[in-house]
Amino acid sequence: MVDITRRNALLLGGAGIGAVAIGTTGLILNQSPGLPLQPGLAAGNALVLPTELRSLNGGLTVALESSSRRVTIAGRDVRALSYNGGVPGPTLRVRAGDILNVNLRNGLTEASNLHVHGLHVSPENNSDNMFVTIDAGDSFGYRYELPANHPPGVYWYHPHHHGLVADQVFGGLYGAIIVEDSEEIPAARERVLVVSDITFDSSGTIPTTTAMEKMSGREGDLVLVNAQLTPVLSARPGERERWRVINACTSRYLRLRLDGQQLTLLGIDSGRFESPRDVDEVVLAPGNRADLLITARAGTSTLRALPYDRGSVGGMMGGGSARSADVSLATFAVAGSDTARLTDVPDQLSPRDLRSTAVTARRELVFAMGMGGSMSGGMMSATINDRAFDVTRVDTTVEFGSLEEWTLTNTSTLDHPMHLHVWPMQIIEQDGRPVESVIWQDVVNIPRRSTVRVRVAFDDFRGRTVYHCHVLDHEDAGMMGIIEAR
């Protein structure tokens, strides 16, 4: 085990209660004494934000414990997985150049670990190392050193132990990470909205996922915001709110609309646009995040996830569609006297554009699905370049400091959102059509039977990490590869 250097400890209670000690490298926010980390209010109650832990003096030190326990979700007393007794886990707020120390104790009955999704940090040693295994009852100290030029934005953390990822994320193990802006964007308030889905049986436990559900990618019966069912968000006309939205669903795509309100998109994942964009809707694949400004207009609006057709499993296992239903996620109630409108959002730094830069190498990754083994056993084949994941094999070797162009080809009848750890991707072409603007994401959707082209600059860090489909059942089934930057 690699020990954490504890400059100043921030300890969290293990029984779902607030912080019991605060050091000079962290502040705890949004937590009243004695209030559970996740009260799990029933439908129609006011939105409750996760506890927030904020860095101080260049660092944040946090103790996390994963466990299976009784919690209240959507107004029901159920058994789920949680970090520190809360669903979601605490929101971690840091700045570029900070050091984030996380001591994770695995209170589960199976192995686990931790991935800081989207952060541009080292993949080696006790940083964002996907090859760390924390056995049941053991602990591990992570240390993430954010570069001084790390992009601001919304990120998240979740387990990443191969073969168990879907079950553990679906069960409730996830939380937000915010890298703050160097210059604050004025807003009346900020809300972290972690959207997830889950299913419970009549006894309040999560049922076993079927082979067919794993093939298509499981979607839960309940779609939640901060583990609440259709919470209410209140504002006054003219107020500007900032919403940090995370799609923490295992497989569900979120096609978000808030009719009657003005939506302005600052960026997706770590990719901040040079100028904010007014939008009618935002589509988030599993793992994607959106940084949104909402300018409130009088009236009551519903935040909805509209139907999204991500394909079907075709003739495999008797077919089956993966089209999601129309879901109401939250109510936005705007009433009262008008407020003075805030100044316009300043333009951001121009994002890096790799389209005119010489490419060092080109390669293709082919995402495919089928049946392996016996049909009666329901064995799913999920591969990249005809190979299922093997922890002993490096699939892709890149030169440190190089710029590569990747063609991402999906031959299957289901969409696959591809996630590359450590290094974000610039999308340059979708299904043969050039992308005119500069778009950076760390999760890039590859629609069924289509191709996407991206460019990746392998800067700053050497080492091994992974790329994979972020429909987590597909990842667990083998749709993942190992990449090494040398």
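**Pockets and a cavity**

The lining of the largest cavity divides into eight nonpolar, no polar and no charged residues. Here Ala, Val, Leu, Ile, Met, Phe, Trp, Tyr, Cys and Pro count as nonpolar, Asp, Glu, Lys and Arg as charged, and the others, Gly among them, as polar. The model is predicted: local features need pLDDT of at least 70, side-chain atom pairs count only at pLDDT 80 or more, and totals for chains, interfaces and linings use all residues. Residues are numbered from 1 along each chain as its sequence is written, and side-chain values use heavy atoms, with hydrogens and water left out.

Reader: How much space lies in the largest cavity?

Author: On a 1 Å grid over the protein atoms alone, a cavity is a set of points where a 1.4 Å probe fits but cannot get out; a pocket is an open set with protein on both sides within 12 Å along at least five of seven lines. Lining residues have an atom within 4 Å of a point. Points are joined across faces, edges and corners, and a volume is the space filled by probe spheres set on them. For the largest cavity, that space is about 50 Å³.

Reader: Which elements give two or more residues to the lining of the largest cavity?

Author: The lining consists of Trp 243, Val 245, Leu 256, Leu 258, Leu 263, Leu 292, Ile 294 and Leu 303. Strands (E, at least two residues) are DSSP runs, numbered from the N terminus. Two or more lining residues come from each of strand E16 (240-247) and strand E21 (289-295).

Reader: What is the bridge partner of Leu 256 in E20?

Author: Two strands pair if DSSP finds at least two bridges between them. Strand E17 (residues 254-257) pairs with E20 over four bridges, in the antiparallel sense. In E20, Leu 256 has as its bridge partner Val 282.

Reader: Which element gives the largest share of the lining of the second largest pocket?

Author: This pocket holds about 480 Å³ of space. Of its 24 lining residues, the closest to its centre are Val 283, Ile 427, Gln 430, Gln 441 and Asn 445. The largest share of the lining is four residues, and they come from E20.

Reader: How many charged residues are in the lining of the largest pocket?

Author: About 960 Å³ of space lies in the largest pocket. It has 31 lining residues, and Asn 149, His 150, Pro 151, Pro 152 and Ser 270 are the closest to its centre. By class, the lining has 13 nonpolar residues, nine polar and, for charged, nine.
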